[in-house]
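Open the model in your viewer and keep the selection panel at hand. The tour goes stop by stop.

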Amino acid sequence: MLEIAKDIGVTAEVVSEWVRRYQKNGVETFLTSYTNYSADYKMNVLNYMNETGTSSRDTAALFNISSPGMIRNWIFTTTITNE
């Protein structure tokens, strides 16, 4: 993967993330452009992570969310608003 990453100018982690998403959801994972997630959906995703202990990367792949960073932002926002 490192060679592929270098060839296309991204990190190996990015390529690994693309592979993980493809393995979970197939080519459709790359066809969605922008999605606006409801508050209920976000809470369901965060509850799933909390109950199962999955990482944000694995959860993003499982729920076909474009970026694990988005989930981390949801966690941060939820933490700030609940304080």
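Helices here are DSSP runs of H or I with at least four residues, strands are E runs of at least two, and both are numbered from the N terminus. This is a predicted model: local features need pLDDT of at least 70, side-chain atom pairs count only at pLDDT 80 or more, and totals for chains, interfaces and linings use all residues. Residues are numbered from 1 along each chain as its sequence is written, and side-chain values use heavy atoms, with hydrogens and water left out.

Stop 1: Select I4, which sits in helix α1. The top contributor is α2, with three residues.

Stop 2: Select V15, E17 and R21, the buried residues of α2. They cover an arc of only 160° around the axis, so they lie on the same side of α2. (The arc is taken from the directions from the helix axis to the C-beta atoms. Buried is under 20% relative accessible area, exposed over 50%, partly exposed in between, with a 1.4 Å probe and protein chains only.) Their cover includes α1, α4 (56-63) and α5 (68-81). Step past the end of α2 to G26, whose phi is positive, near 70°.

**Stop 3: salt bridges.** Which residues are linked in a network of salt bridges? Show E17, R20 and D58. (A salt bridge is a side-chain nitrogen of Lys or Arg within 4 Å of a carboxyl oxygen of Asp or Glu.) R20 meets E17 at 3.5 Å and D58 at 3.3 Å. D58 lies in α4 and R20 in α2, so the pair ties together parts 38 residues apart in sequence. Now select E13 and R57, a salt bridge at 3.7 Å, N to O. E13 is in α2 and R57 in α4, 44 residues apart. E13 is exposed at 52%; R57 is partly exposed at 31%.

**Stop 4: T59.** Stay in helix α4 and select T59. T59 is buried, at 0% relative accessible area. Leaving out residues up to four places away in sequence, T59 touches V45, Y48, M49, T54 and I71 (contact means heavy atoms within 4.5 Å).
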